[in-house]
Each structure stands twice: as structure tokens, then as C-alpha cells.
Amino acid sequence: MYILHEPIGVIATINKDQPVVTTKQESNFNMAKGKLSDTKTKASFIEVSWSYLKSSESGNYFCGAHVMEPDGRSERLNEMLAITISNLTFDDLVKVIQKLLRQADIEKEKILENKQNIYHIKEDINSKQQNIKSIKDGLDTNRQNINIIKDNLETSRQNIKSITDDLNANKQNIASHNNELNSLRQMVNNVQGDISICKESIHSISIDLDTNKQSIARHNNELNSFRQKVNSLEDDLRTNKQSLQSITYEVNTNKQNINQLKEDLKSNEQKIQNITEDVNTNRLNIMNINKDLNTSQQSMRKLETDLETQLTNLSTTLTSIQKEIEKGQVFFISSSSMLETNKYTFLVPPISCREIISTHNRVIVKLLSGLKVMCDTKTDGGGWIIFQRRINGKIDFYRGWQVYRDGFGDYSIGEFYLGNENIFNLTSTGQYDLRIDLEFNNTKYFAQYENFKILSETEKYKLKIGNYSGNAGDNLSYHNNMFFSTFDRDNDNSGTNCAEYSSGAWWYEDCHRSNLNGQWARTSYPKGMIWYQLTGSSNCVSLSEMKIREREKNYFH
């Protein structure tokens with residue numbers, strides 16, 4: 001994969017199992033990264049980012065990929081993004097400074113809010129410390145109680161030892177002192193009960209100690225969490241300080257830009273003075289043009305005299321033809337309506353559509369050469385021969401070389417291609433202009449080119465066009481001097497077959513910026529009816545008419 005900038009060249013590339021390689025070395029460059037995947041389930045990408053763009057970095061950016069399929073087939077994919085870097089105006093700087101001031105106020109409020117949060121956290125920590133101190137006091141009290149119980153147990157042990165000694169001393173008198181022995185046994189049982197009670201007390205105290213240990217551990221965890229929050233807030237404060245420093249730097253930079261704008265204003269004042277001098281010069285030129293117009297008017301009057309003579313001769317000819325009609329020697333064939341066009345047959349077939357005058361927008365006629373054509377009689381004065389027309393998508397334009405050579409379609413449906421051989425024969429007999437009428441989002445556009453022609457089949461119907469005018473944008477000059485290509489005749493400059501890749505037939509270069517013979521209503525790049533400056537890469541036009549007209553003779557040359 002690669003990213004290319006016109007006209008700088010390749011910015012970054014990535015190959016399989018290798019890191020991204022970039023040619024960007026400027027100080028505003030941030031980073032370049034990417035990844036190539038072996039499967040379609042995982043996305044492959046390449047990414048380059050930088051900040052503080054310069055006007056020299058405007059232009060078209062192309063992202064291309066060379067894909068190798070498992071069966072050995074290769075496919076090239078590409079996308080284009082147009083980026084324009086505009087110089088800042090004084091109003092833009094004012095808006096940026098206002099935005100920075102508002103951002104600084106917001107940051108100040110956040111800092112105050114963070115300080116309040118820190119104060120509350122400190123109060124919570126002090127409260128927790130007091131609770132821990134209270135717990136410690138309780139533990140000290142419990143320790144004292146345990147010590148007292150231990151003392152009581154020690155006393156009990158001493159008593160038991162004393163009783164045991166007495167029992168040993170009185171073993172010889174057991175028989176005679178059974179009653180005293182029973183009494184002593186009762187005392188021993190009572191002492192054992194007291195010992196059991198002491199054991200239970202000790203067990204209960206142990207449980208309380210374990211509970212207190214867990215509580216202390218939990219409080220320690222809460223203290224650690226609070227410490228982390230405090231550390232995080234301190235990091236935020238440091239970050240905010242850095243942001244304020246950055247804002248200060250940008251403000252200083254904007255001041256420098258404002259000074260530069262003032263210098264530009266002074267330069268523009270000088271340019272205005274130069275323009276004023278040019279205006280004065282143009283006034284003199286206009287006076288000279290007025291003199292030339294007077295001379296042209298004299299030529300017009302002479303031309304009117306010549307036309308009156310020709311009209312007189314034409315009237316005489318018509319009178320003669322009318323007499324022949326009355327004798328039954330000449331017959332007219334009536335016209336028949338067809339959609340928005342009319343079909344006509346003439347006594348003397350016209351040489352071109354310039355000779356056709358009709359109330360209909362489009363008529364179908366048979367020229368003197370025998371070629372049947374559709375004429376546009378209204379657009380820009382009429383006289384146009386339409387050689388490509390698409391209005392409803394009923395005709396498939398994904399055809400091969402021979403079909404595009406001979407022509408195809410149906411005048412009654414309204415979609416057709418006149419044929420490259422016919423277009424070559426027409427444009428080789430004189431100078432022709434090309435007009436392309438388009439419709440996109442219910443708005444009409446056109447592009448017009450001087451000196452249009454295509455060369456012969458031996459020269460692969462090479463495209464030749466001159467200067468552009470119109471409101472659709474110039475998306476055909478990119479294809480000037482290119483050969484015509486179809487899916488079965490690859491004549492483009494690309495490593496792939498652009499006709500097959502774009503589902504059309506055109507004068508492809510590498511591959512196209514217009515594709516009016518592409519698929520109807522296709523919105524996925526690059527297969528639709530694209531005129532890039534109108535449709536971009538993901539839309540298509542809803543009407544296309546390509547038409548030619550022989551240039552008028554210049555009688556005042």
C-alpha cells in the first residue's frame with residue numbers, strides 16, 4: 001500500500017511483514033503507521049498524520065493498494081482525497097483567539113473544580129484517619145480485656161494446682177473422706193465450666209480481632225485508592241499547565257501571523273495601484289476596439305447585401321421546385337412523432353445538424369453522407385450532433401471494441417452511442433467543438449472543449465481536445481491524447497485494465513477522472529458515471545449527452 005501526493009510524490013509505503021517507510025521529514029510530521037493482513041476478515045491500512053499544515057501540502061492525495069488473490073490474480077485499488085490549505089484571514093485569527101480565550105476560561109474552571117475535589121478528598125482522608133484512630137483505641141481496649149482474662153486464667157490455673165496438691169496429699173484418706181471428695185469433684189466441675197466459658201470468650205475475641213483486621217485492610221485499600229486519585233489529579237494539573245503553555249505559544253504565533261497579514265495588505269495596495277494603471281491601459285484598448293467595430297459594421301453591411309442576393313436566388317430556386325411538385329415530379333415524406341424527437345426526410349439531405357431548424361428540441365435526420373443522427377436544435381443555438389446519450393439506464397454501455405467502433409443503442413429509447421468510426425469520419429472533415437451536458441442532484445451543468453476530434457482505428461481512436469469552458473469542471477483534459485479502451489482492448493497507461501476495473505469504455509489514462517460510459521446509477525468507486533468535480537468518487541450523474549458541432553466560418557478573419 002502507498003500514499004501519494006500530487007506533485008510531491010510518494011509520502012509513505014508499506015510492504016508485507018515490513019514497517020511503514022515514509023519520506024516526510026518536516027518538523028510538523030507526527031507519525032506513520034500501517035498493517036497488511038493476509039485475509040479479508042482483517043482490515044489492512046496505512047496512516048500518516050501531521051499538524052500545522054502548510055499551503056504547499058495542498059493537492060490530491062491518492063491511497064493505492066496492490067492486492068494478490070490466492071489464485072494468483074492481482075487487483076489494484078485506489079482512492080483520492082483533495083485537500084486545500086487556505087491562508088488565515090484576520091477574521092479567522094480573531095475567531096481562533098476568541099476560541100482560545102473561551103478554552104482558557106473552561107480550563108480555569110476545571111482547575112478550580114479539581115482544587116475543590118482535592119479539598120473534599122483531603123477532608124474524607126482526615127475523617128477516615130479519625131475512624132482508624134477510633135478503631136485502634138478499640139483494639140487497645142480489647143487487648144487490655146484479654147490481658148485481664150489471661151490473669152484470671154493464671155489465677156484459675158494456680159487454684160487448680162493447689163487443689164491437685166491437696167488431692168495428692170489426701171489420697172490416703174479417700175475412703176474416709178468420700179463426702180469431701182465429692183465436694184471437691186463438684187468444685188472441679190465448676191472450675192472446668194469456668195474454663196469452657198473462658199475458652200468461648202477467647203474464641204469470640206479472636207473472631208472480633210479477625211473482623212477488625214479485615215476492616216483495617218479495607219480501609220488501607222481505600223487509602224491507596226484515594227492516593228491514586230490524588231496522583232491522577234496532580235497529573236491533570238501538570239497537563240493543564242502544559243496546555244496553557246501551548247496556548248500561549250499559539251497566541252504568540254498568531255501575533256506574528258497578524259503582522260505578516262499587515263505586510264500583505266501593504267503589498268495588495270501596491271497591486272491595486274498596478275491594476276488601476278492596467279484599467280487605464282484597457283480604456284485605450286477599448287477605444288481602439290470601437291474603431292475596429294466601425295470597420296466590422298461596414299463589412300456587415302456588405303455581407304447583408306450579399307445575403308439579399310443569395311435570398312433572391314433561393315426564392316427563384318424554390319419557385320422552380322414548387323412548379324416541379326405541381327407537375328408530380330417531387331414528393332415529400334411526412335414526419336412522424338417519436339418521444340420528444342421528430343424524424344424528418346428532406347428533398348436535399350442536410351450536410352450537418354447546423355442546417356436543421358425545428359420547433360422540437362431534438363430531431364432525427366439522415367445526413368447527406370447517409371449517416372442517421374439525432375440533432376440538438378436548441379442548446380446554445382442548436383446545430384449539435386449527439387453521439388452519446390444516457391437518460392434512463394435501459395441500454396448496457398459495458399461493451400467491447402467492435403460494438404463501440406460501429407455504435408449501438410436505440411433512438412426510440414433515447415440511449416445510444418453513435419460509434420467511434422462515425423465520430424472519426426465526422427470530425428476529420430472540419431473543426432468541431434465538443435459539448436457535454438450533465439445533470440447531477442437535479443441541477444444542469446456543461447463542459448465545452450474547442451477543436452475536438454478522435455483519430456482513426458489504426459491510431460486507437462486517440463482523443464484530441466482544446467481549451468475548456470463551462471461550469472461542470474474540467475475532468476476530460478486529464479484524458480487528452482489518450483487511446484480509447486474497452487474490456488477486450490486495453491490501451492491505457494495503467495498496470496491494470498481500466499475499462500474492466502471501471503466497468504466502462506473511455507479514453508483511460510491511469511485510470512480516470514471522468515467515466516461517462518460507466519455503469520448507470522452505480523455509486524461505488526470507480527464503476528459509475530463519474531464526473532469527479534461534480535460527483536466525487538461515490539456518486540454518478542443522472543443524465544449525460546455528448547455532442548459535437550462544426551465551428552462557424554469566420555467571415556471577418
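Contact here means heavy atoms within 4.5 Å. In this predicted model, local features need pLDDT of at least 70 and side-chain atom pairs count only at pLDDT 80 or more, while totals for chains, interfaces and linings use all residues. Residues are numbered from 1 along each chain as its sequence is written, and side-chain values use heavy atoms, with hydrogens and water left out.

Not counting residues up to four places away in sequence, Val-373 touches Cys-353, Val-363, Ile-364, Val-365, Leu-367, Ile-385, Tyr-411 and Leu-418. Val-373 is also among the residues with the most contacts inside the largest nonpolar core, which has 56 residues; such a core is a set of buried Ala, Val, Leu, Ile, Met, Phe, Trp, Tyr and Cys residues joined through side-chain atoms within 4.5 Å, where buried means under 20% relative accessible area, exposed over 50% and partly exposed in between, with a 1.4 Å probe and protein chains only. A second, separate core of nine residues includes Ala-12, Val-20, Val-48 and Trp-50.

Cys-353, one of the residues touched by Val-373, forms a disulfide (a pair of cysteine sulfur atoms within 2.5 Å) with Cys-375, the sulfur atoms lying 1.9 Å apart. Both of these cysteines, Cys-353 and Cys-375, are buried, and their link is left-handed, with -70° about the S-S bond.

The count comes to two disulfides, and another joins Cys-498 to Cys-511, again a left-handed link, with -75° about the S-S bond. Cys-498 counts as buried because its relative accessibility is 0%, and Cys-511 counts as buried at 7%. Cys-63, by contrast, is partly exposed because its relative accessible area is 29%.
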